[in-house]
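Please keep the structure in view while reading.

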Amino acid sequence: MSKEEKDTKITINETEEEEDDHSGERKAGWVLPIFIIGLLATCYYIFVVELCIFTVQLLEAKVTFLVIFHLLFLLCVWCYLRTVMTPPAVPPAKFRLSESDKQLYLSDERPQVLQEILICAAKDLPIYTKDPKGDVRYCTTCQVLKPDRCHHCPVCNVCILKLDHHCVFLNNCVGFSNYKFFLLCVTYALLLCIFTSAVSLHFSKLFWTHQLPNSPSKVPIIVLFCLSTFFSIILFLFGLGHSELALTNVTSREDNDDTSDDTTEENNPYNLGFGKNLREVFGNEKKYWFLPIFRSLGDGFSFPMGEATEDIEKNAAFAKPPNEGI
Ligand SMILES: [Zn+2]
Ligand SMILES: [Zn+2]
């Protein structure tokens with residue numbers, strides 16, 4: 001493999017980032033989270049009051065439904081709040097240019113010279129990813145050298161470590177700091193919807209076949225069945241996609257990046273195998289795997305790499321001091 005081929009081992013498409021002003025989007029972004037919370041509150045009322053209290057007759061069934069529902073509901077809300085309220089992790093100070101480098105960078109416009117300043121600044125940093133032109137990635141908005149798997153979110157207007165995606169239902173970015181919470185939130189929401197759908201289906205059938213007398217609870221319970229079934233299907237498909245990404249250690253951002261073929265599928269350098277990939281997100285201690293408590297491994301800016309490690313480390317030609325002076 002030639003040096004040029006190796007040097008393009010990890011490339012990332014940087015277009016579309018940073019250009020537009022999305023601050024309005026960020027402010028308007030609370031509409032969807034409030035809608036989700038309203039929907040959850042409505043479903044909670046129908047299940048607990050209309051179904052369990054007014055409709056279910058047997059005490060044992062009432063207690064069983066309420067205990068399972070509240071357990072899943074509390075876990076789901078806990079994970080949701082942790083995902084929404086955890087601030088995204090940003091690159092640490094060592095990825096910023098020194099004052100003298102910053103002055104040099106701002107005082108010149110020649111791409112070659114600017115790139116040499118960045119190459120020199122990146123030489124002691126664990127950066128292996130380059131843009132499609134083979135240049136060191138630099139965010140002019142945040143004024144940081146971008147670590148591997150870090151991207152600028154135009155809505156949050158900040159560079160985010162191991163950015164997965166900006167989620168409109170959370171009004172927050174999903175990245176290194178909250179990816180575990182996000183996956184758990186989707187999982188518990190799916191379990192909650194499946195449970196609610198199964199119980200409300202049973203009672204909808206009893207109303208439908210006149211085994212239960214008509215009551216004002218009939219319509220809300222049928223509505224609850226439709227809503228929970230709809231969200232079960234959506235969450236199942238969504239969760240399936242994210243499980244595959246988590247198991248193969250690919251972020252949604254990398255998966256959608258059509259120029260970074262080498263960071264996906266069989267050539268993905270971050271893929272350590274299913275077990276290790278899961279531990280990267282959920283941590284080494286299995287007792288914390290199912291709770292929204294941060295245990296993800298690593299620092300968010302340097303990543304162990306699988307079989308491709310050797311090649312990539314050899315590729316770090318750009319991390320050496322440039323031959324020519326600046
Ligand atoms: Zn940035
Ligand atoms: Zn964002």
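In this predicted model, helices α7 and α8 are roughly antiparallel to each other, because their axes cross at roughly 150° and an angle over 145 degrees counts as roughly antiparallel. Helix α7 spans residues 179–208 and helix α8 spans residues 218–248. Their axes come within 7 Å, and the crossing of the two is left-handed. By class, the contact of α7 with α8 has 18 nonpolar, 10 polar and 1 charged residues.

Helix α7 also meets helix α3, which is formed by residues 31–53. The axes of α3 and α7 come within 12 Å and cross at roughly 45°, which makes α3 oblique to α7. This crossing, too, is left-handed. On the α3 side, the contact is made by Cys43, Phe47 and Leu51; on the α7 side, it is made by Thr196, Val199, Ser200 and Phe203. These residues divide into 5 nonpolar, 2 polar and no charged.

In general, two packed helices are described by the angle between their axes and the distance between the axes. The table sets out both values for each pair.

| Helix pair | Axis distance | Crossing angle |
|---|---|---|
| α7 and α8 | within 7 Å | roughly 150° |
| α3 and α7 | within 12 Å | roughly 45° |

An unreviewed UniProt entry annotates residues 30–57, 63–81, 181–201 and 221–240 as "transmembrane region". In the model, residues 30–57 are 82% helix and 0% strand, and the end C-alpha atoms of this span lie 40 Å apart. Residues 221–240 are 100% helix and 0% strand, with their end C-alpha atoms 28 Å apart.

The backbone angle phi is the last topic. Most residues other than glycine have a negative phi. Arginine 149, however, has a positive phi, near 65°. This arginine is found in the loop between strand β2 (144–145) and strand β3 (151–153). Asparagine 249 likewise has a positive phi, of about 60°, although it is not a glycine. Its place is in the loop between α8 and α9, the latter covering residues 252–256.

Are these two residues buried or exposed? A residue counts as buried if 20 or more other C-beta atoms lie within 10 Å of its own. Arginine 149 has 26 such atoms within 10 Å and is therefore buried. Asparagine 249 has 25 within 10 Å, so asparagine 249 is buried as well.

How values were computed:
Residues numbered from 1 in each chain as written. Chains lettered and ligands numbered in written order. Predicted model: local features only at pLDDT ≥ 70, side-chain atom pairs only at ≥ 80, totals over all residues. Axes fitted to C-alpha atoms, helices over the stretch in contact; angles between N-to-C directions. Helix = DSSP H or I, 4+ residues; strand = E, 2+ residues; numbered from the N terminus. Parallel < 35°, antiparallel > 145°, perpendicular 65-115°, else oblique. Left-handed = near helix turned anticlockwise from the far one by under 90°. Nonpolar A, V, L, I, M, F, W, Y, C, P; charged D, E, K, R; others polar. UniProt positions renumbered as here; feature names shortened; annotations may be inferred. Buried ≥ 20, exposed ≤ 12 C-beta atoms within 10 Å, placed from the backbone. Contact = placed C-beta atoms within 7 Å.
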